[in-house]
Amino acid sequence: MVYRLSFVLWRVRIVMQLLVTYFLWWAIFSQHETLFGYTQSMMLTYILLSAVVRPFVMGTRTQEVGMMINDGSLSNYLTRPINLFRLFWSRDIADKSLNIIFAIGEIAILILLLKPSIILQANITVLLFTFLALVIGVVLFFYFSMLLSLLGFWTSEIWGPRFLSFILVEFFGGMLFPLDILPESLFRVSTLLPFSYFIYFPLKVYLGQLSVISMISGLGVGLVWALGLKLLTELLWRRGLMVYSSEGK
Amino acid sequence: MKTVRKYFILWGKLTANSFLSILASRFGASIFLLGKTLRFLFFFVFLLTIFTKISFIATYSVAQAVFFFLTFNLIDTTTQLFFREVYRFRQLVVTGDFDLVLTKPMNPLFRALVGGADPLDLLMLIPYIGLLIYLSLQLGGIQFWSVTLYLILILNGFLIAAGFHILVLALAVVTTEIDHTIMIYRDLTSMGRVPIDIYREPLRGILTFIIPIGIMMTFPAKAFLGLLSPTSMLLAFIVGLVFFILSVRIWRFALTQYSSASS
């Protein structure tokens, strides 16, 4: 019963986070037809779909790796014939599946209750690019989150960097708004960071606001980021194992 | 008077311990402080970005909207400064260590609510207060009555925040669940980063009368700007007091349900 309540409250929290952003934008659009190149339906579609994209891309269990390193329980896994990265990929897929099922149900209920005008993308090419952008986002976030956890090899202060990364991702990932509403200079900075591939880029593709060339180049840059983070994570993993002391066990 | 003195000394000792414990790790504290600063700056940028396109939101100018945002941060940060221990309460309940609190000659609500202040929030308050004073001067000067009403309504907001935290603690005693409920509270109050008048009905009414976020976050700034009627002020005090008393009663009931989970 305790865990069921915890689960229910966790889902309530997810819906609450969505509603806070949704109602803010709904209020902002109350006096305007179009803002920052977005109609109300485009913006509300962005906000509602971000609630599905977010758990799909950012639903992860990799933060546990940092704790495992710090409390020494990583040793239990190192002695087994399993690849830790693959293990956490499996866990992430299970976690994402659970999140997605609930997120879709919650969004469907919210759409029925709030009756917003939303955009349903029917262009197969755009949907295909959206899917590819999501896959790149998933890979990118996995290695990004794993990278933060691997800091545990060198410090027990793993929550500080994760908290900081959450603040950065919330802003530069486009969790509250599409990044292209920002002033030009800030928007340019955001495109240089990998965070925009978590939420903003897949949704921008879905809304059909990018040309084919922009979509392809965006996917290319995302792929380079994903590859770079993968190599860096693997390097840190190998270096980290050299200094790992199984402290606490 | 003797009891008040005793609790004041106790609070001082608990706060000193908490400060020492958090500041023991300077790296972690610095990172958290940087994160909190960035979170403030990022929403500030978002607010200004919105105002580059629209001059007014629900009749509020950009300076007024920033004043509302700073008032939200003042109340939110002060609340976190004093009530940080609530975030650690679950551990006490699930390990059964709450028994040790109950057996001590100290009010358990006092220990659970204000037993571990956060020094990082104290540091964050300095720029917020500085910016509030600067902005209030820009908005047309500081007048005795507007400042007095502002401060009284902030205290009232603080009372409501205390009520919310007590409800979270009560739920934790009964169910051991706290992590999500405290974050639901945080998400809900984040709607007060902007004046609640901008929201459409029935949400605006809900945020004023059912979940009093508006009274907590928006009313003080409205009073300072001379936009709050005496009736609304009276309503704010009644809601604040009733909400606090009700939450304390719920806490007392929750204590009767405590089952000392793992001891």
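A: Start with burial: buried means under 20% relative accessible area, exposed over 50%, and partly exposed in between (1.4 Å probe, protein chains only). This is a predicted model, in which local features need pLDDT of at least 70, side-chain atom pairs count only at pLDDT 80 or more, and totals for chains, interfaces and linings use all residues. Residues are numbered from 1 along each chain as its sequence is written, chains are lettered from A and ligands numbered from 1 in the order in which they are written, and side-chain values use heavy atoms, without hydrogens and water.

Q: Is Glu64(A) buried or exposed?
A: Glu64(A) is buried, because its relative accessible area is 18%.

Q: With which residue does Glu64(A) form a salt bridge?
A: Side chains of opposite charge can pair when their charged atoms come close. A salt bridge is a side-chain nitrogen of Lys or Arg within 4 Å of a carboxyl oxygen of Asp or Glu. Glu64(A) pairs in this way with Arg91(A), with 3.3 Å between the closest N and O atoms. The two residues link distant parts of the chain, 27 residues apart: Glu64(A) is in helix α3 and Arg91(A) in helix α5 of chain A. Helices (H or I, at least four residues) are DSSP runs, numbered from the N terminus. Arg91(A) is partly exposed, at 25%.

Q: Where do Arg188(A) and Glu184(A) lie?
A: Both are in helix α8 of chain A, four residues apart, about one turn of the helix. Arg188(A) is exposed at 53%, and Glu184(A) is exposed at 51%.
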